[in-house]
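Student: I would like a close look at a single part of this model, taken together with its surroundings. Please go through it in one connected answer.

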Amino acid sequence: MLHAIRHLEGESLHITLVSACHTAVGDEETPDEVIHLAAGLQFSGFKSVIGTLWQVDDSVAKHVVKAFYENMFPDLKDGGVMDCTRAAWALNRATHAVKTAVPLEQRMVFVHIGV
């Protein structure tokens with residue numbers, strides 16, 4: 001997958017959110033390695049990557065993801081432009097917005113890498 005992404009010349013790779021389990025941690029066999037899926041995506045060209053540090057429960061994480069996109073892209077329907085430098089802020093706002101619906105350990109599982 002990373003090989004294919006790396007070769008998307010001319011494409012705009014701004015932001016990706018990978019909400020599968022353990023996308024921002026290394027492998028048990030190589031715990032000292034810093035390259036994990038989220039880092040690999042950033043090194044492949046994405047400016048901002050949202051990954052997860054441990055197991056994420058889909059039934060509650062969907063609330064964080066929805067709130068993230070609402071904060072990240074509030075004005076795209078009105079002709080606004082995507083600004084990947086808002087990703088960390090949007091993730092922060094999303095985790096605060098879902099306090100009552102999502103347990104703390106499922107809110108803090110998400111991590112931002114990049115600009």
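Student: Which residues of H3 are exposed on the other side of the helix?

Tutor: The model is predicted, so local features need pLDDT of at least 70 and side-chain atom pairs count only at pLDDT 80 or more, while totals for chains, interfaces and linings use all residues. Residues are numbered from 1 along each chain as its sequence is written, and side-chain values use heavy atoms, with hydrogens and water left out.

Asp 58, Lys 62 and Lys 66 are the exposed residues there; exposed means over 50% relative accessible area, buried under 20%, and partly exposed in between (1.4 Å probe, protein chains only). Helices (H or I, at least four residues) and strands (E, at least two) are DSSP runs, numbered from the N terminus.

The buried residues of H3 are Val 60, Ala 61, Val 64, Val 65, Ala 67, Phe 68, Asn 71 and Met 72. Seen down the axis of H3, they fall within an arc of 165°, so they line one face of the helix; the arc is that of the directions from the helix axis to the C-beta atoms. The cover over these buried residues includes S1, S2, S3, H4 and helix H5 (104-107).

H3 (residues 58-72) lies across S1, S2 and S3 and runs at about 160° to S1. Axes are lines fitted to C-alpha atoms, for helices over the stretch in contact, and angles run from 0 to 180 degrees between N-to-C directions. Helix H4 (residues 87-97) also lies across S1, S2 and S3, at about 170° to S3.

The 3 strands form an open sheet of mixed pairing, in the order S1-S2-S3; two strands pair if DSSP finds at least two bridges between them. Its edge strands are S1 (15-17) and S3 (110-114), each pairing on one side only.

The largest nonpolar core has 20 residues; such a core is a set of buried Ala, Val, Leu, Ile, Met, Phe, Trp, Tyr and Cys residues joined through side-chain atoms within 4.5 Å. H3 gives the most to this core, with 7 residues. Val 64, Phe 68 and Met 72 are among those with the most contacts inside it. Phe 68 touches Ile 15, Leu 17, Ile 50, Ala 87, Ala 90, Leu 91 and Ala 94, not counting residues up to four places away in sequence; contact means heavy atoms within 4.5 Å.
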